[in-house]
Amino acid sequence: MMITDPERPLFSIITVTKANQAGLLATERSLAGQNPHLYEWLVADGGQVPETADYLRARPGSANPAVAWWDTRLDAGPYDAMNRALEHAKGEYVLFLNAGDCLAFPDLLAKLADVMAISGPDRPEFLYGDAIERLDNDRVMLKKSRKASCFVFGMFTHHQAMVYRRDRIGVLRFPRAYRIGADYAFTALYLQKVQRIMRVDFPICIFSSGGMAQSHPDEGRRDQHCIRKSFLGISPILSLLILWLQIIAFFLRKHCSPLYVCLRFRGI
């Protein structure tokens, strides 16, 4: 097990929430099963539900998980909230776990720490893995991550299953110009800065469905199209081709669900 400095935990877990008290409590229960010495928890609240601020304000400092930092204010959306929480993170690595999302199993952070300890001085600058999803029919399935080198085609796993090294993030932030696709822009820009990328062979998160990306898929695809052209230097024609592949994949998920599930998911 990797030993960490309490003033500089190994992981900063950043949670953003807005009018989602139940989701915040689910995330909290997930973190309560982790080794408290490995992480700090930062919570940015969108500021429209007084009960959330009251709940965070009343939490004892000895609670597990302890909230290392929190604030509540009106903001420009979840990525704006992630940016302001990131300013206060002290961990060596950062994981963005939205309210309602959970870590995949109770000793997940310890397992990640062991992976990093084995890596020695060449610890990964970016680490990612699979995600667990609950489908519409309440089936719980494993969504396998694709290779990070395929990021030109879109997000290769959920950002909740990605771990970024904080010192390599530097001044990089989620671009507020993209309401849905800012996580894609952030990850694409980050991957251009790093070399040591590691994929683990186990799930990192349990993804909570119903978020903005799933509610506004057309806007998300348009964002990614713009990001590929603006940040990745992809030609408009190639980017349009990728856009149509994404539309086909969405059509399969919506109208040919058994086929899509067979292609993208595995049973647990």
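1. Basis. This is a predicted model, in which local features need pLDDT of at least 70, side-chain atom pairs count only at pLDDT 80 or more, and totals for chains, interfaces and linings use all residues. Residues are numbered from 1 along each chain as its sequence is written, and side-chain values use heavy atoms, with hydrogens and water left out.

2. Disulfides. A disulfide is a covalent bond between the sulfur atoms of two cysteines. The rule here asks for a pair of cysteine sulfur atoms within 2.5 Å. The count is zero.

3. Buried means under 20% relative accessible area, exposed over 50%, and partly exposed in between (1.4 Å probe, protein chains only). C205 is buried, at 0% relative accessibility. C226 is partly exposed, at 33%.

4. Helix α4. Helices are DSSP runs (H or I, at least four residues), numbered from the N terminus. Helix α4 has twelve residues, 108-119. The expected span is 1.5 Å times one less than the number of residues. Just after α4, G120 has a positive phi of about 65 degrees.

5. Inside α4. Its buried residues include L108, L112, V115 and M116. A110 also lies in this helix. It counts as buried because its relative accessibility is 13%. The C-alpha atoms of A110 and N35 are 6.9 Å apart, although 75 residues separate them along the chain.

Key: Helices (H or I, at least four residues) and strands (E, at least two) are DSSP runs, numbered from the N terminus.
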